[in-house]
Amino acid sequence: DSAKREEYDATLALQEAGVPSDLESILEAEALFRSGKNLLNKGLNDAALAKLDAAAQLNPAEPEYAATAAYVKYWCLERDRKGRVKDRRMVTLIVEHLTEFLEGNPRKDDISAYLGMIAKAEGDSEKALEYFQEAFAINSKNMLATREIRLHNMRRAKGKSLISKLFSRGK
């Protein structure tokens, strides 16, 4: 039967691409991903990473799982006394992974916001702002991007008012 043969061929193609063939695995991976994101939002990075890694292993065809796990890995890396990541090579690999993911999925606002948070943590506030604005342009309800843009604008306004006060004293 040609219809059954086509269905079989399609199933094999999906399996070769890493897509789980059983619905239970897909649903379990999604539940793990959601749980991992909730833990991330609570700042429980180690627990979040375990859930996100498990989700990525269960459903490797969903690249957002692995990308989110990579972001959380950044926050789990060992840091020096100043809070900077010791293993600079890992930072580069994580940023490359997220950037690569974003190039293939340009409408993923969370990943843009994650890159913004990494850039901010690494001291590149201009690049961070670009990523936050990109995330906000995709989804104006992205809370992380909205908060960070608001903080940036408040700091900029506060800095301008301080400078104007300093210069106005001499007059």
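This is a predicted model: local features need pLDDT of at least 70, side-chain atom pairs count only at pLDDT 80 or more; totals for chains, interfaces and linings use all residues.
Which residues does E148 touch, not counting residues up to four places away in sequence?

Residues are numbered from 1 along each chain as its sequence is written, and side-chain values use heavy atoms, with hydrogens and water left out.

Now, E148. It touches M117, K120 and F132, leaving aside residues up to four places away in sequence. Contact here means heavy atoms within 4.5 Å. E148 lies in helix α8. With a relative accessibility of 5%, E148 counts as buried. Buried means under 20% relative accessible area, exposed means over 50%, and partly exposed is in between, using a 1.4 Å probe and protein chains only.

Next, the overall layout. The protein chain has eight helices and zero strands. Helices (H or I, at least four residues) and strands (E, at least two) are DSSP runs, numbered from the N terminus. So what is the order of the elements from the N terminus on? It reads α-α-α-α-α-α-α-α. The chain has 171 residues, and 32% of them count as buried. Take the contacts between residues at least 6 apart in sequence: 50% of these join residues at least 24 apart.

On to the helix pairs. Two packed helices are described by the angle between their axes and the distance between the axes. Axes are lines fitted to C-alpha atoms, for helices over the stretch in contact, and angles run from 0 to 180 degrees between N-to-C directions.

Start with α2, residues 23-41, and α3, residues 45-58. Their axes come within 8 Å and cross at roughly 160°. That makes α2 roughly antiparallel to α3. On the cut-offs: angles under 35 degrees count as roughly parallel, over 145 as roughly antiparallel, 65 to 115 as roughly perpendicular, and the rest as oblique. The crossing of α2 and α3 is left-handed. In a left-handed crossing, the near helix is turned anticlockwise from the far one by less than a right angle; clockwise is right-handed. Which residues meet in α2 and α3? From α2 they include S25, L32, F33 and L40, and from α3 they include N45, A48, L52 and L58. By class, this contact of α2 with α3 has 11 nonpolar, four polar and three charged residues. Ala, Val, Leu, Ile, Met, Phe, Trp, Tyr, Cys and Pro count as nonpolar, Asp, Glu, Lys and Arg as charged, and the others, Gly among them, as polar.

Now α3 and α4. They pack at about 155°, with axes 9 Å apart. These two are therefore roughly antiparallel to each other. Again, α3 passes α4 in a left-handed crossing. Among the meeting residues are L49, L52 and A56 in α3, and A69, V72 and W75 in α4. The contact of α3 with α4 divides into 11 nonpolar, two polar and three charged residues.

Then α4 and α6. Their angle is about 15°, and their axes are 11 Å apart. That makes α4 roughly parallel to α6. The crossing of α4 past α6 is left-handed. Y71, Y74 and W75 are among the α4 residues here, and I111, Y114 and M117 are among those in α6. The contact of α4 with α6 has nine nonpolar, one polar and two charged residues.

What about the core? The largest nonpolar core has 39 residues, and Y71, V72, Y74, I94, L98 and I111 touch the most other members. A nonpolar core is a set of buried Ala, Val, Leu, Ile, Met, Phe, Trp, Tyr and Cys residues joined through side-chain atoms within 4.5 Å. The elements giving it two or more residues are α2, α3, α4 (63-76), α5 (88-104), α6 (109-121), α7 (125-138) and α8 (143-169). Look at Y71: it touches L40, L98, Y114, M117 and I118, not counting residues up to four places away in sequence.

Q57 lies in α3 and is exposed at 67% relative accessibility. Q57 and A29 are 28 residues apart in sequence and 8.2 Å apart in space, C-alpha to C-alpha. E100 is in α5, exposed at 59% relative accessibility. S125 is in α7 and is partly exposed, with a relative accessible area of 43%.
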